[in-house]
Amino acid sequence: MNYDQLAYKLRKALSVWLLPFTSENVGTYSPTYQGGTSGGSTTYTIQQGAWTRLGNMVFVTGTVAWTAASGTGDARISLPFVVANVTNQNFTGSLRLSGITFANGSPEVLILPNTQYFIMQSPLTNASPTTVAVEAAATVVFNVAYRVEE
């Protein structure tokens, strides 16, 4: 095999690995924080988010911090794409929190089908979890993964 043949095979092999990381499959966004009953207005100090899409899976990381929020109801943090509409297919992720009040165990991410946000729920043994309500000021660092429609 000569140099040109080897170079061609190497480029072809690498393209399979590099294709998912083209500019169409990675990006940034500004996550928002609002209430589920009343969106309200939020004063942000940090809104940083990044995403990678591999096929119909999206991987998101971000930080959102605020000093004032007037929304009411369940606290919601936005995602860059709408979640696939598959009945009973929920998704999750991880959180680091500062300034969030929760009733029971450490809050968990819950991403429901056909939404473009996640909520935080505090689990309780042998009972329904408590959903975290809007907080006036806090910081949330998150990593989530979910499926989208192709």
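Trainee: How many helices and strands does the chain have?

Mentor: There is 1 helix, and there are 10 strands. Keep in mind that this is a predicted model. Reading from the N terminus, the order is α-β-β-β-β-β-β-β-β-β-β.

Trainee: What makes Gly71 count as buried?

Mentor: Set the value against the cut-off: buried means under 20% relative accessible area. Gly71 comes out at 12%, so it counts as buried. Its place is the loop between S4 and S5.

Trainee: Which residues is Gly71 in contact with, leaving aside neighbours within four places in sequence?

Mentor: Those are Gly35, Ser38, Gly39, Gly40, Ser41 and Val134. Another residue to look at is Ala133: from Gly71 to Ala133 is 62 residues in sequence, with 9.3 Å between the C-alpha atoms.

Trainee: And over the whole chain, what share of the residues is buried?

Mentor: Buried residues come to 31% of the 150 in the chain. As for the surface, the chain exposes about 8,600 Å², and carbon and sulfur atoms supply 54% of that.

Trainee: Let's go to aromatic rings. Why is the pair of Tyr33 and Trp66 called stacked?

Mentor: There are two checks. Ring centres must lie within 6.5 Å to pair, and planes under 30 degrees apart count as stacked. For Tyr33 and Trp66 the centres are 3.6 Å apart and the planes are at 20°, so the pair is stacked. Tyr33 sits in strand S2 (residues 33-35) and Trp66 in strand S4, 33 residues apart, so to speak a link between distant parts of the chain. The structure holds 3 aromatic pairs.

Trainee: What about S3 and S4?

Mentor: They have 12 bridges and are antiparallel as well. Gly49, for one, has Gly62 in S4 as its bridge partner. The hairpin of S3 and S4 has 2 residues between the strands, and Gly55 there takes a positive phi near 65°.

Trainee: What makes S1 and S6 the edge strands of the open sheet?

Mentor: Follow the order of the 5 strands, S1-S3-S4-S10-S6, with antiparallel pairing. S1 and strand S6 (93-98) each pair on one side only, and that puts them at the edges. Neighbouring strands here are turned by 10° against each other on average, direction ignored. S6 is joined to S10 by 6 antiparallel bridges, with Ser98 facing Thr139 in S10 as its bridge partner.

Trainee: Which residues touch the most other members of the largest nonpolar core?

Mentor: Of its 26 residues, those are Ile111, Phe118, Val144 and Tyr146. Strands S4 (57-69), S5 (75-78), S8 (117-124) and S10 (138-147) each give two or more residues to this core. Beyond four places in sequence, Ile111 touches several residues, including Leu79, Val83, Phe91, Phe118, Val144 and Tyr146.

Definitions and conventions
Residues numbered from 1 in each chain as written. Predicted model: local features only at pLDDT ≥ 70, side-chain atom pairs only at ≥ 80, totals over all residues. Heavy atoms only, no water. Core = buried A, V, L, I, M, F, W, Y, C linked by side-chain atoms within 4.5 Å. Buried < 20%, exposed > 50% of the residue type's maximum accessible area, 1.4 Å probe, protein only. Helix = DSSP H or I, 4+ residues; strand = E, 2+ residues; numbered from the N terminus. Contact = heavy atoms within 4.5 Å. Pairing = 2+ DSSP bridges. Axes fitted to C-alpha atoms, helices over the stretch in contact; angles between N-to-C directions. Areas by Shrake-Rupley, 256 points an atom, 1.4 Å probe, with all protein chains shown as cover. Phe/Tyr/Trp six-rings, centres within 6.5 Å; stacked < 30°, edge-to-face > 60°.
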